Amino acid sequence: MKVQANASLRSLNSFGFESTADELVIARNIDDLAIALDTTEPITILGEGTNVVLKPRIQGRVIKLAINELSVSTTETDAVLVTAGAGVNWHELVRFSLGQGIGGLENLALIPGSVGAAPYQNIGAYGVELDHVCEGVRVLDRVEKEVKTLPVGACEFTYRNSVFKSTLRDRFVICGLTVRLGTRELATHYRDVDTHVSTRSRSILSATGVAEIVVRIRRKKLPDPRKVGNVGSFFKNPILTETDFDVLAERLDIEGHRETVGLKVSAAQLIDEAGWKGVQHDGAEVWPRQPLVLVNRGSATAKSMLELASRIADDVHRRFAVELELEPEVLGNF
């Protein structure tokens, strides 16, 4: 296992921010990971860096997960279990499963990041969330020092959250994921997807066809992080109480999507209504085609990006009495 001292993380985060780690280790298998975790230094786990804002200095040891196994097995109920290592690119997993003729991940196509990040924040898009298909998450338990698989019920998935991100974030390191695929009906009820589907014959619509629609929608709305630095959605969609939603709906023509604990509303619409589309601040910009996305126009820093986000959140709260919460993790120190 190689330990790199004073390692630049600029190429390891999709904003392209300059950030230096005291130590950097690439873990290509679970043995590497176990050895890398055996340190008294503070530890930061990094996937593809597509959902983080890295400040200039990361203290301690950064472990980049590069566990890349892929396997397929079948069950007695005709479902297909696909298992992927934490370092596998998420969209490559979607492409792999569809290439095997296995549907289930099509709505989650083109989400940036790695497999390991998927259960961490319970990724979701176009009406489907990871917990709808998750069978189990393979983890290294830092307390019991063993590898185990947590069933979906133990992961405590909620909207953009999980046990890995909240109560047990310092105990488990995600090593891989198993998804149960091949038995779900196509989910096309989300407005953007349904608009495209309505022009096609549903009798010949396939999982691959839905994936193609999702990719087309995402490419139209969202910048490619390889060309324009970004982390996708910078804010979570707020979940409001019935009372708060009714108050908001009196002021705005806005939809509420029912969740377990309330009504989810569009953060993008709130930001757009507040007039932030295209606004720039020290190299950071609100993406003109999707105000939920903040981008690095080349000279932005973590400081200017967070300042822009703070100004947006303060303004939305002042106008609509709705709190916006950041979706990416903010790591390190100035």
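Guide: The model is a predicted one.

Visitor: What makes S6 and S7 a pair of strands?

Guide: Two strands pair if at least two bridges are found between them. Five bridges join S6 to S7, residues 80-85, and the two run antiparallel, so they count as a pair.

Visitor: In what order do the strands of the open sheet lie?

Guide: The order is S6-S7-S12-S10-S11, five strands with antiparallel pairing. The edges are S6 (70-74) and S11 (146-151), each of which pairs on one side only. On average, neighbouring strands here are turned by 20° against each other, direction ignored.

Visitor: Which helix packs on this sheet, and which strands does it touch?

Guide: Helix H1, residues 30-37, touches S10 (134-141), S11 and S12 (172-181). The direction of H1 makes about 45° with that of S10.

Visitor: How do you know that S3 and S5 are paired, and how do they run?

Guide: At least two bridges are needed. Four bridges join S3 to S5 (residues 57-65), so the strands pair, and they run parallel. Thr 44 has Val 62 in S5 as its bridge partner.

Visitor: Which residues of S3 are on its covered face?

Guide: Thr 44 and Leu 46 make up the covered face of S3 (residues 43-46), while Ile 43 and Ile 45 make up the uncovered one.

Visitor: Why is Asp 315 called buried?

Guide: Buried means under 20% relative accessible area. Asp 315 has 10% relative accessibility, so it counts as buried. Asp 315 lies in helix H8, residues 302-320. Leaving aside residues up to four places away in sequence, Asp 315 touches Ala 274 and Trp 276.

Visitor: What makes the link between the side chains of Asp 315 and Arg 318 a polar contact?

Guide: The cut-off for such a pair of N or O atoms is within 3.5 Å. The contact between these two side chains is 2.6 Å, so the distance meets the cut-off.

Visitor: Are Cys 134 and Cys 155 buried or exposed?

Guide: Cys 134 is buried, because its relative accessibility is 7%. Cys 155 is buried too, because its value is 0%.

Visitor: Why are Phe 15 and Phe 17 called stacked?

Guide: Ring centres must lie within 6.5 Å, and planes under 30 degrees apart count as stacked. The centres of Phe 15 and Phe 17 are 4.8 Å apart and the planes are at 15°, so the pair is stacked. Phe 15 is buried at 2% relative accessibility, and Phe 17 is buried at 2%.

Visitor: What makes the pair of Phe 164 and Phe 172 edge-to-face?

Guide: Planes over 60 degrees apart count as edge-to-face. The planes of Phe 164 and Phe 172 are at 70°, with 6.4 Å centre to centre, so that label applies. Phe 164 is buried at 1%, and Phe 172 at 9%.

Visitor: How many aromatic pairs are found in the whole structure?

Guide: The search finds five. Ring pairs also link Phe 15, Phe 17, Phe 234 and Phe 235 into a cluster.

Key:
Residues are numbered from 1 along each chain as its sequence is written. This is a predicted model: local features need pLDDT of at least 70, side-chain atom pairs count only at pLDDT 80 or more; totals for chains, interfaces and linings use all residues. Side-chain values use heavy atoms; hydrogens and water are left out. Axes are lines fitted to C-alpha atoms, for helices over the stretch in contact, and angles run from 0 to 180 degrees between N-to-C directions. Contact means heavy atoms within 4.5 Å. Buried means under 20% relative accessible area, exposed over 50%, partly exposed in between (1.4 Å probe, protein chains only). A polar contact is a pair of N or O atoms within 3.5 Å; within protein, one must be able to donate a hydrogen and the other to accept it, and residues adjacent in sequence count only if both atoms are side-chain atoms. Rings of Phe, Tyr and Trp (its six-membered ring) pair if their centres lie within 6.5 Å; planes under 30 degrees apart count as stacked, over 60 as edge-to-face and the rest as tilted.
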